[in-house]
Amino acid sequence: MMTTSPGKLILLPRKPTKETQRTCSEYKSDGKRKARPADPIRSYNDFAAMQSYFLKRGKIRDWALWTIGVSVGFRISDLLSLKISAFLNPDRTFRQRTRVIEQKTSKVNNCLITESVVYALTKYFDSIDWQFSLNDYVFPSAKTKGKMYEEYGWRIISDAGKALKLPFNVGSHTMRKSFASIAVCVDKSTIDMNAIVKIQGLLNHSDQKTTMRYLGALQEMYDRARAAVSDFILGKTEINELVVGSSLTIEDVIQKLDLLEIKISG
């Protein structure tokens, strides 16, 4: 603070403290970059543009990362931790499901391996002549062949979005948010909740989620949603624009899905 004349003060900017510098830093205390806000794709054209970007540059691994990332909706940390054995049986045929324990929540995700995932992996494996071990990472580091760093996975997706000049922020979380957006906009199937309530009473269950688990209705609901996302990715739907609704933003959708996930997990 400096005084120039009676009654008039000039406030000089403070020097940033170490605490302020840590708060404003784009890196966490462990050296990892902080998560950046990311937006979902707005249309099928956006999704296809990202695919074309990678294919034109001969980056089949990155094309598969994008395609499978949107297909399954996993967080980037879980996606990059996947090994080929998560998708293939010992005889190298495709599994029907992959069981993933999410790193952030420790919850089990019993994920249906859909047609779009099989298509993307087949194209990717063909490009490397199926030369791999089942214990290899699906998306290995190009240099070490070990696990790819999350920072590099983010950069692959982010750089593609910037190069295409897409009118929204593209990052690694774009894949997960896009999966949710597609599922909400494309999958119109419903569950007969009246029947669930009736069976809940007949079986004397304390809540509906117990009944839905008992009947397998929850898993069926998830499988239908994943199949709908797969159809969108493979261009089997007539939907292009992903419009959630005038009063419901994609952030609202993500929040609702997260809340549902918490309720289901008990």
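Guide: Let us begin with a definition: two strands pair if DSSP finds at least two bridges between them. Strands (E, at least two residues) and helices (H or I, at least four) are DSSP runs, numbered from the N terminus. This is a predicted model, in which local features need pLDDT of at least 70 and side-chain atom pairs count only at pLDDT 80 or more, while totals for chains, interfaces and linings use all residues. Residues are numbered from 1 along each chain as its sequence is written, and side-chain values use heavy atoms, with hydrogens and water left out.

Visitor: What makes strand 3 and strand 4 a pair?
Guide: Strand 3 (residues 97-101) and strand 4 are joined by 5 bridges in the antiparallel sense, and the definition asks for at least two, so they count as paired. Within this pairing, Val-100 has Asn-109 of strand 4 as its bridge partner, and Arg-97 stands opposite Leu-112. The hairpin of these strands has 6 residues between them, and one of its residues, Ser-106, takes a positive phi near 65°.

Visitor: Why is helix 2 called roughly antiparallel to helix 3?
Guide: Two packed helices are described by the angle between their axes and the distance between the axes. The axes are lines fitted to C-alpha atoms, for helices over the stretch in contact, with angles from 0 to 180 degrees between N-to-C directions. Angles under 35 degrees count as roughly parallel, over 145 as roughly antiparallel, 65 to 115 as roughly perpendicular and the rest as oblique. Helix 2 (residues 44-56) packs on helix 3 at an angle of about 160°, with the axes 7 Å apart, and therefore the two are roughly antiparallel to each other.

Visitor: Which residues of helix 2 and helix 3 make the contact?
Guide: Contact means heavy atoms within 4.5 Å. Helix 2 brings Phe-47, Met-50, Gln-51, Phe-54 and Leu-55, and helix 3 brings Ile-60, Asp-62, Trp-63, Trp-66, Thr-67 and Val-70. These residues divide into 8 nonpolar, 2 polar and 1 charged. Here Ala, Val, Leu, Ile, Met, Phe, Trp, Tyr, Cys and Pro count as nonpolar, Asp, Glu, Lys and Arg as charged, and the others, Gly among them, as polar.

Visitor: What makes helix 3 roughly antiparallel to helix 5?
Guide: The axes of helix 3 (residues 60-72) and helix 5 (residues 115-127) cross at roughly 165° and come within 9 Å. That angle makes helix 3 roughly antiparallel to helix 5. By class, their contact has 10 nonpolar, 4 polar and 2 charged residues.

Visitor: Is the crossing of helix 3 and helix 5 left-handed or right-handed?
Guide: A crossing is left-handed if the near helix is turned anticlockwise from the far one by less than a right angle, and right-handed if clockwise. The crossing of helix 3 and helix 5 is left-handed, and helix 2 also passes helix 3 in a left-handed crossing.

Visitor: How do you know whether Ser-43 is buried or exposed?
Guide: Ser-43 has 5% relative accessibility, so this residue counts as buried. Ser-43 lies in the loop between helix 1 (18-24) and helix 2. Leaving aside neighbours within four places in sequence, Ser-43 is in contact with Phe-232, Asn-240, Glu-241 and Leu-242.

Visitor: And Val-243, buried or exposed?
Guide: Val-243 has a relative accessible area of 62%, so Val-243 is exposed. Val-243 lies in the loop between helix 10 (217-233) and helix 11 (250-265). Val-243 and Ser-43 are 200 residues apart in sequence and 8.5 Å apart in space, C-alpha to C-alpha.

Visitor: What is the phi of Asp-129?
Guide: Asp-129 has a positive phi of about 55° although this residue is not a glycine. Asp-129 sits in the loop between helix 5 and helix 6 (150-164) and is exposed, at 57% relative accessible area.

Key. Buried < 20%, exposed > 50% of the residue type's maximum accessible area, 1.4 Å probe, protein only.
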